[in-house]
Amino acid sequence: MADMWSSSGVDGGPSSGLDVHLDWQPATGRSGLAAAIRAAIREGRWQPDAAVPSTRALAQDLGVARGTVTRVYADLAAEGYLRTAQGAPTRVATAGSLPQSAPRQAPRDPAPRWDLRPGRPDLTAFPRQAWLSATRRALLRTPASAFGYESELGAPELRDTLAGYLARARGVVADPARIVVCHGYSHAIAVLSRALFGLGVGEVAFENPSLGMYRSIAAAQGPRVVGVPVDEHGLDVSALDSPAVVVTAAHQYPTGVTLAPHRRAALTRSGAYVLEDDYDGEFRFDHQQVGALQALAPERVVYAGTASKTLAPALRLAWLVLPRSLVEPVRAAMADSGSRPAVLNQLALAELIDSGAYDRHVRRSRAEYRSRRTRLLAALPDSVRPEGISAGLHLLLVLPPGGPTETQALAACRRRAIGIEGLGSHWMDANRPGGLIVGYAAPAKHAFAGAAQTLIEALHEITS
């Protein structure tokens, strides 16, 4: 039987009152009481250096003689579990407590010396002061009711702001009532896949190649996942035979091509639900703007955006602009998921966009990433062919025919402590061409030159 006793004092002086929990049965007597206190200390319920109940208070609460508790305390002090001192409370001795947590272990995959992993912005460029100011304004302006249990669709303030921003910057047909704010893109694709599966959509197509993590997330919600080939014009719509498809139309990941106009039109007429992952649509460098596919068919295309590339992945902010028919199914899936982005982050992002600071940050980042891409291209060996449009945060490097292999290229990069990814893992079938996916946005500004130079050295080694 487990009981909880309350004690109002400690040996040697008054106390404000201590509640203690002991798994003790009266029939076990003094030895059982000692064992129960030892267990409380070993399990960390009685913390090191914490005051324990006085012998008088504990005896009264347990209904035993004070002398019994006194002898138990004396025995435990001799064993090193308790520490006593004249005129002072009896306390838990460090020697008798559980060991402290082990030192934090180094990560299995420590951060590389030269970080050129794709899908990562320059985190040192995060607009800290602007974000701090936006957060402060949000706290001052927001009523207390906003910090309760929010709507499954997200903070109304951010949904209103996003509707205007997405229409202005990406050409999206956006209504705040059709926007849902998610806990990152992984969460977004999970809730959408779950909602579609609930509507009878048993298969979702992905571009081949594409990021395997998102294919796995979608498959975990129930639908079967299949691949559709990608060529120099983007997704081969003629090969699509699924009721739903996920595309990166503006800047295909990882090949970097843009979905051609005739295929954009064909895709919106296909009858399939389309999830348009506009993961880096703000970063087009050649002045040839390509608007969102969603504007061509707002009732068939789900637009997905995120702050992960423009600001930072740790904010865990993404959004879906939904066809009217999917608003309620996705809202229900959001409720079932139990996951919500922090409301303060939502309000701060709304303030950041409304103030113009978000646009200014995006323009600065766009100029910096354009410069990095240009510098990297100029330094590449002639034998290595870059692919993809001038956009985004990554570059695909195709290795020369006849060698080296992707495995050899990755090994050369690892020897130089370069973090980078290979194309091979993104294919949904075997025996496909390899290559290197270079994330030129990831290094801090001061580290980019060193990272690029080290990569060039590795490429010269394997291609000379």
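**Sheets, helices and nonpolar cores in the predicted model**

In this predicted model, strand β10, helix α8 (residues 261-268) and strand β11 form a β-α-β unit of right-handed sense. The two strands of the unit, β10 (residues 244-247) and β11, are parallel and are paired over four bridges. Within this pairing, A244 has Y273 of β11 as its bridge partner.

Both strands belong to an open sheet of eight strands, with the order β6-β13-β12-β11-β10-β7-β8-β9 and mixed pairing. Its edges are formed by β6 (179-182) and β9 (234-235), each of which pairs on one side only. Strand β11 also runs parallel to β12 (residues 301-306), to which four bridges join it. Across this pairing, V274 is opposite V301 of β12, and E276 is opposite Y303 of β12.

Strand β11 (residues 273-277) is largely enclosed by the rest of the structure, because five of its five residues are buried. In a regular strand, side chains alternate between the two faces of the sheet. In β11, Y273, L275 and D277 point one way, while V274 and E276 point the other way; all are buried.

Helix α9 (residues 324-337) lies across β6, β11 and β12. The direction of α9 is at about 25° to that of β6. A side-chain polar contact of 3.0 Å joins S337 to H187, the latter being a residue of helix α6 (residues 185-198). H187 has a relative accessible area of 10%, which is under the 20% cut-off, so the residue counts as buried. Beyond its neighbours within four places in sequence, H187 is in contact with C182, M334, S337 and S339.

A further open sheet consists of four strands in the order β14-β15-β18-β17, with antiparallel pairing. Strands β14 (385-387) and β17 (421-422) are at the edges and have a single partner strand each, so one side of each is left without a neighbour in the sheet. The partner of β17 in this arrangement is β18 (residues 435-438), and the antiparallel pairing between them extends over two bridges.

The largest nonpolar core contains 58 residues, of which L311, L349, L376, L455 and L459 touch the most other members. Helix α13 (residues 448-463) supplies eight residues, the largest share of this core. When residues up to four places away in sequence are not counted, L455 touches L116, L376, C413, I418, I420 and V438. Apart from this core lies another, of 30 residues, whose members include V191, V204, F206 and A244. A244 is also the residue paired with Y273 in the bridge to β11.

Key:
Residues numbered from 1 in each chain as written. Predicted model: local features only at pLDDT ≥ 70, side-chain atom pairs only at ≥ 80, totals over all residues. Heavy atoms only, no water. Core = buried A, V, L, I, M, F, W, Y, C linked by side-chain atoms within 4.5 Å. Buried < 20%, exposed > 50% of the residue type's maximum accessible area, 1.4 Å probe, protein only. Contact = heavy atoms within 4.5 Å. Pairing = 2+ DSSP bridges. Right-handed = clockwise from strand over helix to strand, strands pointing away. Polar contact = N/O pair within 3.5 Å; in protein donor to acceptor, adjacent residues only side chain to side chain. Axes fitted to C-alpha atoms, helices over the stretch in contact; angles between N-to-C directions.
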